[in-house]
Amino acid sequence: KDLGYKMITFSREKVSYNHPNLIKYLNPNNLELPNVYNKAHIYIGMEDGAGWANTAAEAMGCGLNIISNGNGSSDFAADNETAFIIKDFSEIPSTLEKLKDSTLYQKLSNNGLNKIKEFSWEIVSKKLEKSKIIQGYRALIDVSFLGYRYYKSYINLLNTGRLQELQQFCLQHPNILNVNMTVGGSDFEIE
């Protein structure tokens with residue numbers, strides 16, 4: 001049924017469904033995705049069992065209105081606040097009719113943009129730091145610019161009697177960056 005809307009679909013595999021108002025994109029890359037989203041006004045996502053619906057989050061971040069069944073989007077899609085949550089496909093036509101109200105459309109779009117910003121790396125990382133899940137950062141230095149090569153050694157010891165002596169040697173060696181005592185797998189790791 002022609003609802004009077006242009007529809008966009010993108011997927012990794014060819015979509016066999018055809019409709020006169022359907023524009024198809026096959027496997028767009030990360031640089032193309034924002035342009036694909038920005039050609040649409042509404043995103044419909046009916047996930048079966050997603051933990052996090054990336055495409056719905058990306059669409060919301062591009063200002064699209066979201067119609068979803070809530071699977072994978074419950075962290076950011078709140079019914080009538082940031083999105084429309086529906087139970088099945090039969091509700092899509094009536095929901096699209098509601099979104100013809102420009103005030104409602106703009107409200108959902110603005111609320112959605114504000115909500116999805118809460119999941120930016122800057123905000124999430126600060127929350128993880130505050131809750132002590134992230135306790136620090138380390139620099140990844142490309143030692144090849146210093147004329148060195150990087151190696152990591154996994155060592156299984158036949159006898160752990162001199163383990164502390166080996167650890168002290170490694171800690172004092174100028175070319176060893178890191179020493180790890182491990183549980184399971186190798187007895188000792190050096191970088």
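The model is predicted, so local features need pLDDT of at least 70 and side-chain atom pairs count only at pLDDT 80 or more, while totals for chains, interfaces and linings use all residues. Residues are numbered from 1 along each chain as its sequence is written, and side-chain values use heavy atoms, leaving out hydrogens and water.

**Aromatic rings**

- Rings of Phe, Tyr and Trp (its six-membered ring) pair if their centres lie within 6.5 Å; planes under 30 degrees apart count as stacked, over 60 as edge-to-face and the rest as tilted.
- By this rule there are three aromatic pairs.
- Phe76 and Phe119 make an edge-to-face pair, because their ring centres are 6.4 Å apart and their planes stand at 75°.
- Phe76 sits in the loop between β4 (65-68) and β5 (84-85) and Phe119 in the loop between α4 (102-116) and α5, so their pair ties together parts that are 43 residues apart in sequence. Helices (H or I, at least four residues) and strands (E, at least two) are DSSP runs, numbered from the N terminus.
- Buried means under 20% relative accessible area, exposed over 50%, and partly exposed in between (1.4 Å probe, protein chains only).

**Nonpolar cores**

- A nonpolar core is a set of buried Ala, Val, Leu, Ile, Met, Phe, Trp, Tyr and Cys residues joined through side-chain atoms within 4.5 Å.
- The largest has 15 residues, and those with the most contacts inside it are Tyr43, Ala59, Leu64, Ile66 and Phe76.
- Helices α1 (33-38) and α2 (54-61) each supply at least two residues of this core, and α2 gives the most, with four residues.
- Another core lies apart from it, with 11 residues, among them Met46, Ile86, Leu99 and Tyr105.

**Contacts of two residues**

- Not counting residues up to four places away in sequence, Tyr43 touches partners including Thr55, Ala56 and Ile67. Contact means heavy atoms within 4.5 Å.
- Ser109 lies in helix α4 and is buried, with a relative accessible area of 6%.
- Leaving aside neighbours within four places in sequence, Ser109 is in contact with Gly63 and Asn65.

**One more tyrosine**

- Tyr148 belongs to the loop between α5 (121-130) and β6 (153-155).
- Tyr148 is partly exposed, with a relative accessible area of 46%.
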